[in-house]
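Please read it alongside the sequence and the model.

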Amino acid sequence: MRSAQIPVTDPAAGLRLTEIFYSLQGEANESGWPCVFVRLTGCPLRCTYCDTTYSFEGGERVSLQAIMDQVNEFGVRHVCVTGGEPLAQPNCIPLLKQLCDAGLHVSLETSGALSVQAVDSRVSKVMDLKTPSSGEQHRNLMDNLNFLTPHDQIKFVICNREDYDWAKQQLQQYQLDKLVSTVWFSPAFAIDKTKATLPAFAWQLADWIVADRLPVRFQLQLHKLLWNDEKGR
């Protein structure tokens with residue numbers, strides 16, 4: 001599951017699925033909307049702050065039609081395809097198209113380590129740029145910037161001042177705020193079994209953004225504040 005792709009390209013083979021659940025979207029432009037989440041299995045990255053390690057392996061192979069049927073049963077407009085890294089499975093691409101064809105508002109959460117070129121243009125891509133603290137900075141596929149549109153988003157998960165300075169440099173060098181609708185600076189949460197602990201530097205991060213007058217949006221993950229990292233929420 002840590003390979004660059006799960007080599008199944010026949011749409012009839014479906015996708016390896018960790019879970020489908022219904023909740024509130026906790027981040028990005030759709031934060032607060034009731035949303036169906038399609039969490040695919042597998043990821044080639046191992047970020048230090050990952051909060052969905054249970055999706056790295058296992059899961060169940062499900063047909064694209066079965067996924068569509070489950071999504072439609074919830075009767076809501078917003079759907080988010082996430083992981084793991086959903087683009088590690090090539091059949092994610094036809095799934096995204098089918099969701100768009102069904103008239104749904106589709107977002108894709110992706111690490112930025114795999115090409116987004118083939119993603120349907122109707123999808124709102126929420127793409128990470130991995131900061132130094134992630135341990136996966138070297139995996140950033142900067143060519144992906146060529147395939148982003150004004151309704152896409154870029155997210156930096158920030159753990160300390162080094163991450164902030166690096167993210168600010170990327171923002172300015174590539175003029176990221178002019179490429180996408182929103183650039184997010186999000187502090188990493190510390191998680192234990194009972195609560196999500198807001199990082200002490202979250203207040204500092206907010207102050208740094210204000211002091212530097214950055215054209216970014218500060219973000220706290222709503223679902224962590226409400227439900228910690230409870231699976232299926």
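In what follows, axes are lines fitted to C-alpha atoms, for helices over the stretch in contact, and angles run from 0 to 180 degrees between N-to-C directions. The model is predicted: local features need pLDDT of at least 70 and side-chain atom pairs count only at pLDDT 80 or more, while totals for chains, interfaces and linings use all residues. Residues are numbered from 1 along each chain as its sequence is written, and side-chain values use heavy atoms, with hydrogens and water left out.

**Overall composition**

The chain has six helices and 11 strands; these are DSSP runs numbered from the N terminus, with helices being H or I of at least four residues and strands E of at least two. Of its 233 residues, 51% count as buried. Here buried means under 20% relative accessible area, exposed over 50%, and partly exposed in between, with a 1.4 Å probe and protein chains only. Contact means heavy atoms within 4.5 Å. Among contacts in the chain with a separation of 6 or more, 70% are accounted for by residues 24 or more positions apart.

**Helix packing**

Two packed helices are described by the angle between their axes and the distance between the axes. Two pairs are listed below.

| Helix pair | Angle | Axis distance |
|---|---|---|
| Helix 1 (residues 64–74) and helix 2 (residues 92–101) | about 40° | 11 Å |
| Helix 3 (residues 161–174) and helix 5 | about 30° | 11 Å |

Helix 1 and helix 2 pack at about 40°, and therefore helix 1 is oblique to helix 2. On this scale, angles under 35 degrees count as roughly parallel, over 145 as roughly antiparallel, 65 to 115 as roughly perpendicular and the rest as oblique. The crossing of helix 1 and helix 2 is right-handed; a crossing is right-handed if the near helix is turned clockwise from the far one by less than a right angle, and left-handed if anticlockwise. Helix 1 contributes Leu64, Ile67, Met68 and Val71 to the contact, and helix 2 contributes Pro94, Leu95, Gln98 and Leu99. By class, these residues are seven nonpolar, one polar and no charged. Ala, Val, Leu, Ile, Met, Phe, Trp, Tyr, Cys and Pro count as nonpolar, Asp, Glu, Lys and Arg as charged, and the others, Gly among them, as polar.

Helix 3 also passes helix 5 in a right-handed crossing. In this pair, Arg161, Tyr164 and Lys168 of helix 3 meet Leu205, Trp208, Ile209 and Asp212 of helix 5. The contact of helix 3 with helix 5 comprises four nonpolar, no polar and three charged residues.

**Buried residues in strands**

Glu19 lies in strand 1 (residues 15–24) and is buried, with a relative accessible area of 11%. Which side chains form polar contacts with the side chain of Glu19? One is that of Arg39, at 2.8 Å, and another is that of Tyr54, at 2.5 Å. A polar contact is a pair of N or O atoms within 3.5 Å; within protein, one must be able to donate a hydrogen and the other to accept it, and residues adjacent in sequence count only if both atoms are side-chain atoms.

Cys35 is placed in strand 2 and is buried at a relative accessible area of 2%. Cys35 and Phe21 are 14 residues apart in sequence, and their C-alpha atoms are 8.5 Å apart. Leaving aside neighbours within four places in sequence, Cys35 is in contact with residues including Phe21, His78 and Cys80.

Ser107, in strand 5 (residues 105–110), counts as buried at 4% relative accessibility. Not counting residues up to four places away in sequence, Ser107 touches residues including Gln25, Cys80 and Val123.

**Loops and backbone geometry**

Most residues other than glycine have a negative phi, and most peptide bonds are trans. Ala28 has a positive phi of about 70° although it is not a glycine. Ala28 lies in the loop between strand 1 and strand 2 (34–40) and counts as buried at 7% relative accessibility. Arg213, also not a glycine, has a positive phi near 50°. Its loop runs between helix 5 (202–212) and strand 11 (217–218), and Arg213 counts as exposed at 72% relative accessibility.

The peptide bond from Gly83 to Gly84 is cis, with omega near 15°. Gly84 is in the loop between strand 4 (78–82) and helix 2.
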